[in-house]
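Biologist: I have a model open and want to learn to read it. Please take me through it feature by feature.

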Amino acid sequence: MSRRLAVPAALLLLASAPPAAAADPTNGRALAERHCTRCHVVGDVNPHGGIGSTPSLQWIKKLPDWRERFQTFYVRRPHLAFIKVEGLAPLTKLAPYATPITIAPGDAEDIFAFVEALPVPKGNSDITPIEGK
Ligand code: HEC
């Protein structure tokens, strides 16, 4: 095969690859419940839980760049010290200082789909009133 044909052939292969699975908010909720409630308040899952000094997931949605923060949370502090994504090289050689969490590559998208549907709290409260409740 000539070099000229090699690239279009590769593109054709890519185009015929199965589409990526749609994000699953139900799995995202289960993952957030299992992994994030330890430190964060997560919507109505643990309204009185989490650690006081850690923002609730719905509170983070008040920030204009919350999407980017959620899409990259596993490489942001403090998570990169204790969250490992299967197949990605760890970002630090240091031992985790909190109970380690391992997530699969698609899990962050599922968590994002769940967070996207979380109502944003009004005023200064984390818990009440939550819009739409
Ligand atoms: C061991 C505690 C702990 C766990 C577990 C944890 N977080 Fe966090 N997270 C924090 C703390 C503390 C902050 C605040 C960091 C800061 O103020 O800079 C934070 C901040 C965030 C932010 C904002 C990041 C930024 O740079 O602004 C997002 C998004 C986030 N967490 C998502 C998650 C998700 C999703 C999970 C579960 C998969 C999770 N966190 C699990 C402690 C935790």
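Biologist: Which helices each supply at least two residues of the shell around the ligand?

Modeller: First, the ground rules. This is a predicted model, where local features need pLDDT of at least 70, side-chain atom pairs count only at pLDDT 80 or more, and totals for chains, interfaces and linings use all residues. Residues are numbered from 1 along each chain as its sequence is written. Helices are DSSP runs of H or I, at least four residues; strands are E runs of at least two; both are numbered from the N terminus. Here, α2 (25-35) and α4 (66-71) each give at least two residues to the shell around the ligand.

Biologist: Which residues come nearest to the ligand?

Modeller: A residue is near a molecule if its C-beta atom, placed from the backbone, lies within 6 Å of it. The ligand has 18 residues around it, and His35, Cys36, Cys39, Phe73 and Arg76 come nearest.

Biologist: How do the shell residues divide by class?

Modeller: Ala, Val, Leu, Ile, Met, Phe, Trp, Tyr, Cys and Pro count as nonpolar; Asp, Glu, Lys and Arg as charged; the others, Gly among them, as polar. The shell around the ligand has 10 nonpolar, 4 polar and 4 charged residues.

Biologist: In what order do the elements of the chain run?

Modeller: The chain has 5 helices and 2 strands. From the N terminus, the order is α-α-α-α-β-β-α.

Biologist: At what angle do α2 and α5 pack?

Modeller: Axes are lines fitted to C-alpha atoms, for helices over the stretch in contact, and angles run from 0 to 180 degrees between N-to-C directions. For α2 and α5 (residues 107-116), the angle is about 95°, and the axes are 7 Å apart. So α2 is roughly perpendicular to α5. That label covers 65 to 115 degrees; under 35 is roughly parallel, over 145 roughly antiparallel, and the rest oblique.

Biologist: Which residues of α2 and α5 meet?

Modeller: Two residues are in contact if their C-beta atoms, placed from the backbone, lie within 7 Å. Pro25, Asn27, Gly28, Arg29, Leu31 and Ala32 of α2 meet Asp107, Asp110, Ile111, Phe112, Ala113 and Phe114 of α5. By class, this contact has 7 nonpolar, 2 polar and 3 charged residues.

Biologist: Which residues make up the largest nonpolar core?

Modeller: Start with burial. A residue is buried if 20 or more other C-beta atoms lie within 10 Å of its own, exposed if 12 or fewer, and partly exposed in between, with C-beta atoms placed from the backbone. A nonpolar core is a set of buried Ala, Val, Leu, Ile, Met, Phe, Trp, Tyr and Cys residues joined through C-beta atoms within 7 Å. The largest one has 11 residues: Ala32, Cys36, Val41, Val42, Leu57, Phe70, Ala108, Ile111, Phe114, Val115 and Leu118. Its largest share, 4 residues, comes from α5. Not counting residues up to four places away in sequence, Cys36 touches Val42 and Leu57.

Biologist: Is glycine 43 buried or exposed?

Modeller: Glycine 43 counts as buried, because 22 C-beta neighbours lie inside 10 Å. Glycine 43 sits in the loop between α2 and α3 (57-60). With residues up to four places away left out, Glycine 43 touches Leu57, Gln58 and Leu118.

Biologist: And alanine 95: buried or exposed?

Modeller: Alanine 95 has 8 C-beta neighbours inside 10 Å, so it counts as exposed. Alanine 95 is in the loop between β1 (83-85) and β2 (101-103).

Biologist: Which peptide bond is cis?

Modeller: In general, most peptide bonds are trans. The bond from arginine 77 to proline 78 is cis, with omega near 5°. Proline 78 lies in the loop between α4 and β1.
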